Amino acid sequence: MTADSTVSTQGADYAATASTAYQNILQVIETVEPRIAAATRKELADQRESLKLIASENYASPAVLLTMGTWFSDKYAEGTVGHRFYAACQNVDTVEALAAEHARELFGAPYAYAQPHSGIDANLVAYWAILATRVETPGLAELGAKHVNDLSEADWEKLRAKLGNQRLMGMSLDTGGHLTHGFRPNISGKMFHQRSYGTDPVTGLIDYDALAAAAREFKPLVLVAGYSAYPRRVNFAKMREIADEVGATLMVDMAHFAGLVAGKVFTGDEDPVPHAHVTTTTTHKSLRGPRGGLVLATEEYAPAVDKGCPMVLGGPLSHVMAAKAVALAEARRPEFRSYAQAVADNAKSLADGFLSRGGNLVTGGTDNHLVLLDVTSFGLTGRQAESALLDAGIVTNRNAVPADANGAWYTSGIRFGTPALTTRGFGADDFDRVAELVVEVLSNTTADGSSKAKYTVADGVADRVRAASGELLDANPLYPGLVL
Ligand code: PLP
C-alpha cells in the first residue's frame with residue numbers, strides 16, 4: 001500500500017465523486033448553520049495534519065461516511081427483520097438483513113445482530129441475552145410460565161432477584177480490560193457480582209492457569225475475554241475450555257481487534273468467533289466502519305440476542321446499519337486482509353522502534369494492533385506525556401499500566417495504535433520514524449514536580465517534530481484527491 005487505501009485503491013473517479021458529494025453537502029449545511037460547516041471542514045484539516053495514534057480510532061471510507069447521511073435516519077423500525085412494530089420498514093429490512101449477512105459471512109458466525117448503537121450497547125445486548133437464555137427462560141419453565149407477563153408479582157420479583165444476582169469475570173481495568181466488563185461505575189458492575197482476572201506481574205501476559213483457578217473458585221455465569229489495552233493476542237480456545245469447565249458462557253468483546261479477525265490475521269485459537277458463545281464488537285475501530293456495535297452469536301443465544309430491542313434498545317439507527325453493511329462489504333474484499341496484516345506488522349515495527357531506543361513496553365512488545373509504553377522511564381506521567389506529544393501534533397491517549405502507581409486519571413502509560421495511520425498508507429519504516437519522533441518529544445520533556453499534569457518541552461522540539469511528522473503525513477495523505 002502506498003497511500004490511503006480507503007480512497008486511493010478506488011481510483012481517481014471515486015475521489016472526484018466523493019469531493020463533489022462533500023462540497024455539495026457542506027454547501028447545504030452552510031445555508032442553515034455555517035459554523036457547523038466550518039467545524040466540519042476544520043475537523044478534516046486537523047485530522048489530515050496530525051499523527052493519529054489513538055488505538056480505537058480509524059478513518060472510514062467516504063462510502064461508509066456518506067451512507068450515514070440519508071433519510072434512513074428518519075425511519076423508526078423497532079423489532080427485527082420482517083417483524084417490526086412499525087409500518088413501512090421494507091427498506092430498513094433490506095439494510096439490516098444485508099448488514100447481518102455481510103457480518104455472518106465475514107466472521108463465519110451462525111447469527112449476527114446489527115442494531116446496537118455502540119460497543120456499550122452491544123455488550124448490554126449480549127449480557128441480557130445470556131441472562132435471558134441461562135436464567136430467565138429456565139426460571140420461567142420452573143414456574144410453569146411461557147412469558148414474564150404471565151407471572152404473578154411475587155414470582156416476577158423472585159425471578160428478578162435471580163437475574164440481578166449473577167456473576168461475571170472479566171479482565172481487570174489496569175491490565176487492559178474495559179469498563180463494560182463488570183466495573184462498578186458502569187451498569188455492568190451494578191448488574192453483576194464481578195471479579196477480575198489480571199496478568200502475570202512479571203511477563204504482563206494472561207496466565208491461563210491462574211485464570212482457570214480463579215474461575216473454578218468464583219464460578220461466573222459469564223466469562224468475558226477481550227480488552228482495550230492489552231498488547232497481545234488471546235487464546236480463545238483456552239478461554240472456552242475454562243468457561244466450559246466452570247459452566248460459564250464465554251463472551252468475547254473484540255471491539256478493538258475485530259479488524260484483525262476480519263482480515264484473517266487472527267485465526268484458529270486466536271479467532272474468537274468459533275470459540276465464543278457470544279461475540280461483541282464495535283464497528284468503528286480496526287474494523288474501519290461507522291460508529292456502532294455488532295453482536296455475533298451461536299444458534300443457542302441467537303433468539304435472545306435478536307430481542308436486543310426491546311430488551312435494551314429502542315429504534316435502530318437504520319442509516320448507521322446501512323453504513324455497517326457498506327463497511328462490512330469493504331472488509332470482505334481482499335485488500336482488507338492486506339490492510340489488517342499491515343496494521344499488525346506496523347505495530348511490531350512501532351514497538352521495535354521504541355525498544356531499540358530504550359523504551360519500556362508493557363509485555364515487552366506487541367502482537368496485535370497496539371503498543372503500551374510505560375513513560376515513567378522518561379520521568380513522566382501518562383498525562384504529561386500525552387500533552388507533550390499533542391503539542392508536537394502527535395495524538396495519543398494516556399492509559400494505565402498494570403498496578404499503575406499514578407492511578408487511572410494521570411496514569412503511567414501511553415497507548416499507541418496503528419489502524420488509523422495504516423489506513424493512510426504508513427508502512428513499517430514510517431512507524432519506526434514515528435517511534436523516533438515520540439522518543440524525541442518524551443526525552444525532551446521535563447516533569448514539573450508541582451503537579452502530575454504540568455511539564456515543559458525543551459525549546460524548538462515540538463516545532464521540529466511537527467515538521468518531521470508533516471513529511472510523513474504529506475507522503476501518506478488522508479483521503480487523497482478529496483477536495484472540499
Ligand atoms: N468494548 C471495548 C473493548 C472497548 O474498547 C470499547 C470502547 O473503547 C467499548 C466496548 C465501548 O464502545 P463504544 O464507545 O462504542 O460504546
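1. Tyr479 sits in the segment after helix H19 (461-475). Helices here are DSSP runs of H or I with at least four residues, strands are runs of E with at least two, and both are numbered from the N terminus. Phi of Tyr479 is near 50°, a positive value in a residue other than glycine. Tyr479 counts as buried because its relative accessibility is 7%. Buried means under 20% relative accessible area, exposed means over 50%, and partly exposed lies in between (1.4 Å probe, protein chains only).

2. A word on the model. It is predicted: local features need pLDDT of at least 70, side-chain atom pairs count only at pLDDT 80 or more, and totals for chains, interfaces and linings use all residues. Residues are numbered from 1 along each chain as its sequence is written, and side-chain values use heavy atoms, with hydrogens and water left out.

3. Lys219 also has a positive phi, near 50°, and is a residue other than glycine. Look for Lys219 in the loop between helix H8 (208-218) and strand E7 (222-226). Is Lys219 buried or exposed? Lys219 counts as exposed because its relative accessibility is 55%.

4. Check the peptide bond between Cys309 and Pro310. This bond is cis, with omega at about 15°. Pro310 belongs to helix H12.

5. Now the ligand. It is surrounded by 13 residues, and the closest are Gly119, Ile120, Ser228, Asp253 and Lys285. A residue counts as near if one of its heavy atoms lies within 4 Å. By class, this shell has three nonpolar, eight polar and two charged residues. Ala, Val, Leu, Ile, Met, Phe, Trp, Tyr, Cys and Pro count as nonpolar; Asp, Glu, Lys and Arg count as charged; the others, Gly among them, count as polar. Helix H5 gives the largest share of the shell, three residues.

6. Which atoms meet the ligand? An oxygen atom of the ligand lies 2.9 Å from a backbone N or O atom of Ile120. A polar side-chain atom of Ser228 is 2.8 Å from an oxygen atom of the ligand. An N or O atom in the side chain of Asp253 lies 2.6 Å from a nitrogen atom of the ligand. On its own, the ligand has 390 Å² of accessible area, and the protein covers 82% of this. The areas come from the Shrake-Rupley method with a 1.4 Å probe.

7. The second largest pocket has a volume of about 370 Å³. A pocket is an open set of points on a 1 Å grid over the protein atoms alone, with protein on both sides within 12 Å along at least five of seven lines; lining residues have an atom within 4 Å of a point. This pocket has 14 lining residues, and Ala132, Glu136, His147, Lys307 and Met311 lie nearest its centre. Helix H5 (119-142) supplies the largest share of the lining, five residues. Helix H11 (302-305) and helix H12 (308-311) each supply at least two.

8. There are two cavities of 30 Å³ or more. A cavity is a set of grid points where a 1.4 Å probe fits but cannot get out. The largest cavity has a volume of about 40 Å³. Its lining includes Ala109, Pro110 and His277, and has no charged residues. The second largest cavity holds about 30 Å³ of space. Its lining includes Thr283, Lys324 and Leu328. By class, this lining has four nonpolar, two polar and one charged.

How values were computed. Grid points are joined across faces, edges and corners, and a volume is the space filled by probe spheres set on the points. A polar contact is a pair of N or O atoms within 3.5 Å; within protein, one must be able to donate a hydrogen and the other to accept it, and residues adjacent in sequence count only if both atoms are side-chain atoms.
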